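Here is a short briefing to read alongside the structure below.

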Amino acid sequence: PNEPPIIPYWIPLIGSAITMGIDPVKFYRENQKKHGNYFTYILLGRRMVTCLGSEGNNFVFNAKLADASAEDAYRSLTVPVFGEGVVYDVENSVLMEQKKFVKSGLSIKNLRAYVPMIQMETDNYLTRWNKKSGIEDVHNAMAELIIMTASRCLLGEEVRSKLDETFAQIFHDLDGGFKPINFLFDNLPIPSNKLRDEAHIKMRKFFMSIMQARREAGITDRTDVMEYLTTQCHYKNGRKLTDVESSHIMIAILMAGQHTSSTTTAWALLFLSEKPELFEKLRQEQIKVLGSLDVPLNYDALKQLTLHENVVREALRLRPPIIQIMRRVKKDLPIPQTNYVIPKDSFIQCVPTISARSEENFENAEEFNPNRWEVFDQQNKERDDDLIDYGFGQLHMASAKSPYLPFGAGRHRCIGEQFAYVQIKTIIATLVRKFDLELLNGKLPMCDFTTMIVQPKDSSLRYKRTNY
Ligand code: HEM
């Protein structure tokens with residue numbers, strides 16, 4: 001059998017790691033032109049079979065459990081950070097149950113409660129921008145703010161209140177374990193992994209002590225996900241989640257949500273600064289929906305802020321935080337409608353950002369144009385994709401036909417999308433009430449692809465206080 005073409009490389013061990021690592025988007029686009037939607041590159045001795053276009057996305061996202069495994073691709077990176085017994089350390093059917101727990105914890109009732117909390121945190125945070133005009137690194141700022149909002153909403157008040165003391169350092173050390181190198185190698189004896197392991201234990205103990213204290217204090221009407229996990233959840237076989245499992249799930253959602261949401265918010269603000277007329281349009285939208293910029297935001301109003309929504313969607317189209325989705329192939333696997341067969345133990349990956357930034361799917365694809373989504377929604381209203389239930393409380397398109405999949409598709413699809421939108425829209429809506437932003441030299445920053453999550457290289461912006 002025929003395997004997909006292998007990209008030539010010069011240094012045997014390293015393979016294409018360097019050209020791919022410097023600018024993966026360019027690397028994938030160039031090779032797509034040369035070889036079509038399927039090709040293989042060698043990454044430190046591993047076969048990475050790249051599957052592009054809507055068909056490639058669909059092939060990877062909807063691969064059968066018997067054919068390809070996310071666990072085998074992500075285990076070495078995630079298990080030491082999240083801990084045992086959750087996510088990629090368990091059978092897929094258990095992950096599906098755990099995702100359902102979190103999804104149910106992020107109920108509309110709870111999301112409703114989060115909006116005022118996020119607005120308050122954002123207002124408080126922005127008191128630091130206290131001049132009429134000044135320069136701030138917007139990515140740093142969003143990372144600091146989002147750990148406050150996310151920990152308050154998901155983990156609860158106790159964690160939020162420790163953020164300035166112990167928790168921030170523990171988070172930092174644990175996060176240091178989330179490095180590409182740990183995707184490639186199991187448990188390297190490097191200092192950052194030692195810190196990671198110590199931080200994991202501290203964080204688990206911290207969460208477990210809160211759970212214990214809550215139990216002693218009795219039931220309340222808390223809206224955080226920790227409360228939901230520890231009081232409401234049991235597996236189908238009747239077993240309740242243990243406190244260790246709940247703690248590990250809390251760590252997993254904290255990690256899954258932090259950099260994804262903070263870089264998306266930062267990129268959205270950077271793109272807005274490229275089109276400064278949008279700040280006024282956003283304020284006008286809020287005035288239309290709420291009556292004035294003094295009215296507190298709420299969940300229902302947020303739903304009606306279409307331009308705000310489309311700004312986030314468009315930022316996710318151009319700068320999705322996760323660009324490669326990986327699986328490991330469990331047996332020789334033919335690619336449908338081709339003559340190719342992927343050898344057992346190869347990795348397969350799709351790169352949805354390539355289809356989301358292609359002219360074939362989006363006119364003037366590289367331009368930031370939130371309004372394009374109004375047209376897109378109109379055109380796609382009538383689509384009747386068959387829906388499938390993977391068991392985590394959300395129906396999904398059975399095939400990943402859409403060229404735009406920043407939250408993935410299929411059984412591993414994100415369960416944090418609604419929360420991410422609530423959080424990011426509330427932050428942007430609160431910020432534009434007070435500030436206009438400008439790029440410093442008129443140009444968007446470049447992407448840093450060396451981190452797990454694609455970040456802006458230099459995200460300093462000028463803020464100017466508005467007259468509202
Ligand atoms: C899965 C993106 C925020 C929790 C995923 C996947 C993507 C993604 C692409 C699929 C991974 C794969 O198929 O291998 C994003 C983006 C976010 C975001 C762009 C924000 C802008 C969040 C938040 C949470 C979260 C806030 C938690 C509250 C998860 C979980 C999974 C997931 C639990 C499932 C992993 C699996 O089943 O293998 N996310 N995410 N995400 N995300 Fe998110």
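In this predicted model, an N or O atom in the side chain of Arg-327 comes to 2.8 Å from an oxygen atom of the ligand. Lys-99 also points a polar side-chain atom at a ligand oxygen, at 2.7 Å. For His-412, the distance from a polar side-chain atom to an oxygen atom of the ligand is 2.5 Å.

**Around the ligand**

- The elements that contribute two or more residues to the shell are α5 (92–105), α13 (243–274), β5 (325–329) and α19.
- Helix α13 supplies the largest share of that shell, with six residues.
- In total, 26 residues surround the ligand, and the closest are Tyr-74, Tyr-88, Lys-99, His-412 and Cys-414.

- Cys-414 itself belongs to the loop between β10 and α19.

**Aromatic pairs**

- A pair of aromatic rings is described by how far apart the centres are and by the angle of the planes.
- Counting rings of Phe, Tyr and Trp whose centres lie within 6.5 Å, the model has 20 aromatic pairs.
- Why is the pair of Tyr-38 and Phe-59 called edge-to-face? The centres of these two rings are 6.4 Å apart and their planes stand at 90°, and planes over 60 degrees apart count as edge-to-face.
- Tyr-38 is part of strand β1 (residues 38–43) and Phe-59 is part of helix α3 (residues 53–61), so this pair ties together parts that are 21 residues apart in sequence.
- Tyr-38 and Phe-59 are both buried.
- Trp-373 and Tyr-404 make a tilted pair, with 4.6 Å from centre to centre and 55° between the planes.
- This second pair links distant parts of the chain: Trp-373 sits in helix α18 (residues 372–380), while Tyr-404 sits in the loop between β10 (395–397) and α19 (417–434), 31 residues apart.
- Trp-373 is buried, as is Tyr-404.
- Elsewhere, Phe-27, Tyr-28 and Tyr-41 are joined into a cluster by ring pairs.

**Charges over rings**

- Arg-46 places its charged end over the ring of Phe-185, at 5.9 Å from the ring centre.
- Arg-317 is found over the face of Phe-362, with 5.0 Å to the ring centre.

- Ser-76 is located in helix α4 (residues 70–82).
- Buried or exposed, what is Ser-76? Its relative accessibility is 15%, so Ser-76 counts as buried.
- The side chain of Ser-76 contacts the backbone oxygen of Asn-182 at 2.9 Å.
- Ser-402 is located in the loop between β10 and α19.
- With a relative accessibility of 7%, Ser-402 counts as buried.
- The side chain of Ser-402 reaches the backbone nitrogen of Tyr-404, at 3.0 Å.

- Val-87 is not a glycine, yet its phi is positive, at about 50°.
- You will find Val-87 in the loop between α4 and α5, and this residue is buried, with a relative accessible area of 13%.
- Asn-187 is not a glycine either, and its phi is positive at about 45°.
- The loop between α10 (180–184) and α11 (191–217) holds Asn-187.
- Asn-187 counts as partly exposed, because its relative accessibility is 48%.

- Ala-266 lies in helix α13, the element that gives six residues to the ligand shell.
- At 0% relative accessibility, Ala-266 counts as buried.
- How far is the C-alpha atom of Ala-266 from that of Glu-55? The two C-alpha atoms are separated by 30 Å, and the residues are 211 residues apart along the chain.

Definitions and conventions
Residues numbered from 1 in each chain as written. Predicted model: local features only at pLDDT ≥ 70, side-chain atom pairs only at ≥ 80, totals over all residues. Heavy atoms only, no water. Phe/Tyr/Trp six-rings, centres within 6.5 Å; stacked < 30°, edge-to-face > 60°. Helix = DSSP H or I, 4+ residues; strand = E, 2+ residues; numbered from the N terminus. Buried < 20%, exposed > 50% of the residue type's maximum accessible area, 1.4 Å probe, protein only. Lys NZ or Arg CZ within 6 Å of the ring centre and 35° of its normal. Near = heavy atom within 4 Å. Polar contact = N/O pair within 3.5 Å; in protein donor to acceptor, adjacent residues only side chain to side chain.
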